[in-house]
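Thanks for asking me to look this one over. My notes follow, as numbered points.

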2 protein chains.
Amino acid sequence: MSASWPRSAVTPSLGEIQAPVKDRLGQVALELRRIVVADFPMIEQISEHLLLMKGKLFRPTLTLLASSIEGRPAPRAATFGALVELVHLATLVHDDSVDHSALRRGMPTVNSLFSHQISVIMGDFLYSRAVAELARLGDVEVLRTLASATNEMTVGEMRQLGAVDALQFSEDDYEALIRAKTASLLSAACEIGCIAGAPDFRSVLSRYGRCLGMAFQVADDLLDYTATEASMGKPAGSDLREHKVTLPLIAVLPKMTQAERREVETLFASSNTDEDQISRVAGIVTEHGGLEYARNRGEQFAEEAHAALADLPESTASAALHDAIAYAVDRSQ
Amino acid sequence: MSASWPRSAVTPSLGEIQAPVKDRLGQVALELRRIVVADFPMIEQISEHLLLMKGKLFRPTLTLLASSIEGRPAPRAATFGALVELVHLATLVHDDSVDHSALRRGMPTVNSLFSHQISVIMGDFLYSRAVAELARLGDVEVLRTLASATNEMTVGEMRQLGAVDALQFSEDDYEALIRAKTASLLSAACEIGCIAGAPDFRSVLSRYGRCLGMAFQVADDLLDYTATEASMGKPAGSDLREHKVTLPLIAVLPKMTQAERREVETLFASSNTDEDQISRVAGIVTEHGGLEYARNRGEQFAEEAHAALADLPESTASAALHDAIAYAVDRSQ
């Protein structure tokens, strides 16, 4: 039972990870559509827009894979996967509204296409639909898991909003934030999958999902420094533009010269976006090894995720869960 | 079994209605505090502010009274009452944020005291805490009732935001709106009370709560025309100021002269607040009998609420539920 990470030469594609559950992912998409149905045209229209941008269904993929590790996934796993994605969508709608983001996955956000007001209520609609559907199904364990993750996400978001001086944000603060904001839902996605097919592996996969989520978010924050707008579907450098401090910057703050530190402080104190300034700060972070530091930390989380899977029975599903780690760390979008 | 409404000479006070469940309302307040606890200072601070403005606990009063109509209320009714109030608070926080309201019950709103962003996330925190607590208790019926009411409320709010030409809003549209926005939660408050002590009366009290909620909201919309800022805790005329069309205006729109109609259209087309214009439109509504029309419609809903209570066993709780109708219709704040 080694904790070292058997990294493959080629990063697995999402398609390869999804292959064992491809048909059931189709069901997830149908379930999503069924659950958000409303008899009100504007809600239908916004739902349609959201379902178009729904992206890669990474979370439902985890739910379906987790439900399959003992070879007997419950049919309701697809519905649970849809509900996890729905909670994720509700969160994105509110996050974009709070951050005034204009683009998400290359498409206009609800707040930019409709209004800030409509985003708030649409997020509430999606979340309360998810809860109503869970209540209808009557599976209290799934509800508990998802409700606790959702509540943790709101506390995480509040941590971010409540940071008075962003540059005082420590690595511990950052980890608490991404654990709440991202890892909690990926963990819940895995745990809920186990409830629907592999109950003995619930705590193991909850741990796996949490580590995977940490690795996933560190990689996301790295991409904000390294990726292009074309591959991200939103402008690169968004975090610096929105004065969000992530691991690459946190890691190098103590290493900066006074002049460099002043450059960073000026960026964080200004309310206007100066693209040159963002490039200069990104350059400082890179030069001091901030990207490398974050990459290493991401690898550690990836290794913990692998370790959590050590006792899983061999199957295409568990192989795909292993591959999901490499995908989370190495993906380019 | 008469459907006529035995109106008493003196409007009962809220204190009189709450008398049969006074001690248990104290428990509701304690439960509210217990449920919103978080280990994050800013959330604590905002919760504290919300609990101070929590107002009259009208919805938990209904839950407790409903749980008592057969004389054997379940102890958990107080927790359920707190959860109904929590959902109500979450909705208020988002509504104030969507409407950019500055005052609520005479106190600054979360959006004005903190920020719009914090309101969105705080509403999410409160709602997800309520769901997490319901999931912990594992009472699926209560969860179903509350989730369905919450979802209905979001659809109602969307109806309001989606009204492109507010002056085209019909009386049917208005009733659909207030049924979703207000009556659904009052109905759920009563129904949940029955689940915790009087299950045979569940559908009867659900109907009572819905009619009571309709009467309550019509009275609220009337107060916006007639009350003073001192008694309301927010400026009178807010609805006209926010371009919200309520029953008094809807009722008289067809009776207006062309000049009067133009006056109304000018108000609804302008983005600046002209207090004289608001007074003039309020005057037009009053002269054409809009307030009287709404008062009569409120009385009809009150009568339906009374009719729903016809078969209730006699008790202090059922007397208080009768009194709650007069309170809802005649209250001055």
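1. A word on terms before we start: helices (H or I, at least four residues) and strands (E, at least two) are DSSP runs, numbered from the N terminus. With that in hand, His243(B) is found in the loop between α12 (238–241) and α13 (247–252) of chain B. Its counterpart in name and number, His243(A), lies in the loop between α12 (238–241) and α13 (247–252) of chain A.

2. Please keep the origin of the coordinates in mind: this is a predicted model, in which local features need pLDDT of at least 70, side-chain atom pairs count only at pLDDT 80 or more, and totals for chains, interfaces and linings use all residues. Residues are numbered from 1 along each chain as its sequence is written, while chains are lettered from A and ligands numbered from 1 in the order in which they are written.

3. Back to the histidines, whose backbone deserves a look. Most residues other than glycine have a negative phi. His243(A), although not a glycine, has a positive phi of about 60 degrees, and phi of His243(B) is positive too, near 60 degrees. For burial, a residue is buried if 20 or more other C-beta atoms lie within 10 Å of its own, exposed if 12 or fewer, and partly exposed in between, with C-beta atoms placed from the backbone. His243(A) counts as partly exposed because it has 14 C-beta neighbours inside 10 Å; His243(B) counts as partly exposed with 14 such neighbours.

4. Now the chain as a whole. Chain A has 17 helices and two strands. Its radius of gyration is 20 Å, close to the 20 Å that the globule rule gives for 333 residues, so chain A is as compact as a globular protein of that length. Here the radius is taken over C-alpha atoms, and the rule is 2.2 Å times the number of residues to the power 0.38. Of the 333 residues, 51% count as buried. The C-alpha atoms fill a box of roughly 60 × 55 × 30 Å along the principal axes.

5. How do the two copies relate? Chain A can be laid on chain B with an RMSD of 0.0 Å by a turn of 180 degrees and a shift of 0.0 Å along the axis. That is the relation of a two-fold axis. The superposition is by least squares on the C-alpha atoms of residues with pLDDT of at least 70 in both copies.

6. On the interface, 34 residues of chain A are in contact with 34 residues of chain B, contact meaning that C-beta atoms, placed from the backbone, lie within 7 Å. The elements of chain A giving two or more residues to this side are α3, α5 (77–99), α7 (116–137) and α8 (140–162). Of these, α8(A) gives the most, with 14 residues.

7. Just after α9(A), Gly197(A) takes a positive phi of about 150 degrees.

8. Finally, Val36(A) lies in the loop between α2 (22–35) and α3 (41–52) of chain A. Is Val36(A) buried or exposed? Val36(A) is buried, because 22 other C-beta atoms lie within 10 Å. Leaving aside neighbours within four places in sequence, Val36(A) is in contact with Ser47(A), Leu126(A) and Arg129(A).

Definitions and conventions: Two residues are in contact if their C-beta atoms, placed from the backbone, lie within 7 Å.
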